[in-house]
Amino acid sequence: MVEKPVWRSGGRRFAALAAVGLLALTACGGGGANGGSGGDKSKVTVTYQQFGGSHAQEQFLSGVKTEFEKANPGVTLDLQPITASENDYYTKLQLQMRSPNTSPDVVYEDTFLINSDIQAGYLQPLDDHLNSWADWNNFTTTAKGAAKALDGKTYAVPDGTDTRAVWFNKDILAKAGLPADWQPKNWNDLLTAARAVKAAVPGVIPLNIYAGKGLGEATSMQGFEMLLYGTGSTLYDAQSQKWVVGSKGFTDSLSFLQTVYNEKLGPTPQQVLDPNWNNTVSQQLIPAGKVAISVDGSWVSHNWLPGDAAPWAQWSKVMGTAYMPTETGQDPGKVSMSGGWTWAIPKNSDNADKAWAFIQMVSDREHHLKWDIANVQIPVRTDVASDPSYLAANPTNKFFASLVPITTYRPAYAVYPRISNEIQVATESVVTGTTDVPTAANTYNDQVKSIAGDAVMTAAGS
Amino acid sequence: MSVTAVAAGARRKPVSVTLVRGIPLAPAVVLLSVFLLGPILYCVYSAFTNMSLTGASGSQFVGLANFKTAFTSAEFGASVYYTIFFTVVSAIIGQNVVGMVLALLMRSGSAAVRAVVSAIVIGAWVLPEVVAGYLWLAFFNSDGTLNHVLSGIGLPPQNILYTAPILAVSIANVWRGTAFSMLVYSAALSEVPKEIEEAAVVDGAGKWRTLISITLPMVRRSIATNLMLITLQTLSVFGLIWTMTKGGPSNKSSTLPVFAYQQAFQFSQLGYGTALALVLLVIGGIFSLIYLRALRLEDNPA
């Protein structure tokens, strides 16, 4: 908040401005009084995100609350959702965790930010608890790594994940002469199919792939990284702990986007720069049969379930899924990116034991199964992934869960959000035709060097 | 400031009397220091640190590094440009001129017209910023109201949110903020004695001449005050722009408040973000100095 400067003005105007300032401050501070269990051992405060029309988590957690309070007599589970969009949720959560007065006991953390919050010292390691917790062995290896920091300690328990792949409309592809079990083997197959659709079916978007800053992380993950990680290149070299710049994979991925947008195989640049474009695609255009192929997440079908944003009974007959191919079909042939959320205990929690008891309860087999089905999540527990009721709950569950062994988590370290922003800038300048691919890639390289400092390496062979 | 004012005013009285008389002020001074001065000083301090919301524990003093980053960054330069464009177009030109024209027209309108017009204009002012932003987003959107109207009368569709986003948010801000200028000017114009204007007419001045030579000079102090208030208001507009464009596309409507918010809360660089906020404060300070100076020149012509 920026206060307006006051000089030389009379006392009266000063007083008026001061009064306005005070009003503004009290208005800002109004929401700050919640959170924080204030040293009360009989209360466990749980903070999670609540946004939009979905109440899946609220319903799920209120069920957990009843069970938890029954199992722990005398302890109240205080559910405190933060009603905010994703970015605002991160910010509010971080502000809460900064102070012991406001810190919750359990927080719902996105894997996108957890590494940075670990580095900031907001969370406590859970290794002691995990070592003596038999259930931890049921978690997949990739999932166990989701909240593992550079110091080798694990700070959170994931509650599910997501994978990304190619959705396609079987009816539209049939008109373009493509089979119902269509599966591209490399990027060229994707382009060929999109061109065939463009020629045969006017008025639909042949290949929707996200780009630009408007969509934020959706561009980075569903759009660019799904390409980059299929080129054999990477954003971050885990071994040397350095960010990679100047790779051929980077320019190849940008060129692919350029081809899609130049040949008008994708949405128009204006469409894709709209911050709500991903919702428009999954809630309006796909159900209306206006999109042939779309690279998107496993959760998309969530929108089409009864009672959600865009109920669509026929979706499982019309929509098919294919894995995202690598650039030339090189091993392992398919690529997927994963994110997901976790439960963690802030360092400033004053009731860490009960907090762990809550995490144990919410992470057991039965609760994961319930949650994964309700929220169309990909299980991180092997015993849930193979559960018949999970597989039967949604016809695409089996396919998306099968991508877990080959999926990649983002290098979500402290500077990742800024590097991700640079990726979005690069894709935006390419799809809008503002710059050519080499210029966009060079700008990215320079920006990454200034963001990450010494932790940058130039890719081999460039 | 208040303390010095009291001290200066009571120069010839004994100190004890001054102190006793100052007591009623104490709560206000304490409140102001805690809630206004404290946060401002903290903001100034953090502008010189690398404080971050996440990613690092603790923060170090980094001197002028944040300002150096800002002044060497092309994004920052563009953002200063958009801020000034937005302020000049939407406040100094838009709200100011439209407000004055409405006030002048309403003076000669019938009571019914005045009531209807002011209800409509003030309605825009009463709407929360976010609601106003959303209305304009819906209006300018590629399948929004404006394009339906345009295609209805056979004109090609517009695309201003994409091609000239800073202009789109400026128009929205004119719409939303004009009521303030209109009210200030209506009040000022009602103070202009009818006799003087009538005298000018008798002397043979036309409508235009009367306006330029008589009416406007008589309300010039209100004009300066109004300009200062709307400039400072417009410099810090955030919600409207955030709702309509989020600073995009391609940062083409990213004014300083939006830019500072992104740096502080999306990229977690609190230190850098507060440094940008300080720069915004300085720009506001420069504008107010110009206006105050103009007012003072009016008061004591050299």
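1. Two strands are taken as paired if DSSP finds at least two bridges between them. Helices (H or I, at least four residues) and strands (E, at least two) are DSSP runs, numbered from the N terminus. This is a predicted model, in which local features need pLDDT of at least 70, side-chain atom pairs count only at pLDDT 80 or more, and totals for chains, interfaces and linings use all residues. Residues are numbered from 1 along each chain as its sequence is written, while chains are lettered from A and ligands numbered from 1 in the order in which they are written.

2. Strand β13 (residues 341-344) of chain A has two antiparallel partners. Strand β4 (residues 156-158) of chain A is joined to β13(A) by three bridges, and A:P158 has A:T342 as its bridge partner there. Strand β3 (residues 106-110) of chain A runs antiparallel to β13(A) over four bridges, with A:V107 opposite A:A344. A residue is buried if 20 or more other C-beta atoms lie within 10 Å of its own, exposed if 12 or fewer, and partly exposed in between, with C-beta atoms placed from the backbone. By that count β13(A) is covered on both faces: A:W341 and A:W343 are buried on one side, and A:T342 and A:A344 on the other. In a regular strand the side chains alternate between the two faces of the sheet.

3. Strand β9 (residues 291-297) of chain A is largely enclosed by the rest of the structure, because six of its seven residues are buried. Strand β5 (residues 164-169) of chain A pairs with β9(A) in the antiparallel sense over five bridges, and A:V166 stands opposite A:V295. The pairing of β6(A) with β9(A) is parallel and has three bridges; here A:I205 faces A:V291.

4. A further sheet in chain A is open and has three strands in the order β11-β12-β14, with mixed pairing. Its edge strands are β11 (324-325) and β14 (407-409) of chain A, each of which pairs on one side only. β11(A) and strand β12 (residues 334-338) of chain A run antiparallel and are joined by two bridges, with A:P325 opposite A:K334. The loop between β11 and β12 of chain A holds A:P332, and the peptide bond from A:D331 to A:P332 is cis, with omega near 0°.

5. Two backbone angles deserve a check. A:Q241 is not glycine, yet its phi is positive, near 55°. This residue is in the loop between β7 (236-237) and β8 (242-245) of chain A, and A:Q241 is exposed, with 12 other C-beta atoms within 10 Å. A:V376, also a residue other than glycine, has a positive phi near 45°. A:V376 lies in the loop between α15 (365-374) and α16 (382-385) of chain A, but counts as buried, with 23 C-beta neighbours inside 10 Å.

6. A nonpolar core is a set of buried Ala, Val, Leu, Ile, Met, Phe, Trp, Tyr and Cys residues joined through C-beta atoms within 7 Å. The largest such core has 172 residues, and those touching the most other members are A:V106, A:A156, A:L257, A:A292, A:F358 and B:L276. The element that gives the most to this core is α10(B), with 11 residues. Two residues are in contact if their C-beta atoms, placed from the backbone, lie within 7 Å. Not counting residues up to four places away in sequence, A:F358 touches A:V44, A:V46, A:F68, A:L77 and A:V106.

7. Chain B has 16 helices and zero strands. Helix α10 (residues 165-190) of chain B has 26 residues and reaches 38 Å from its first C-alpha to its last, close to the expected 38 Å. The expected span of a helix is 1.5 Å times one less than its number of residues. Helix α5 (residues 74-108) of chain B reaches 49 Å, close to the 51 Å expected, and has a kink of about 30° centred on B:G94. Of the 302 residues in chain B, 34% are buried.

8. pLDDT is the predictor's confidence in each residue, from 0 to 100. Chain A has a mean of 86, and 90% of its residues reach 70 or more. Within chain A, confidence is lowest in helix α1 (residues 11-29), at a mean of 40, and highest in strand β6 (residues 205-208), at 97. Residues 1-38 of chain A stay under 50. Where pLDDT is low, the predicted coordinates should not be read in detail.

Technical notes. Bend = angle between axes of the 7 residues up to and from the residue.
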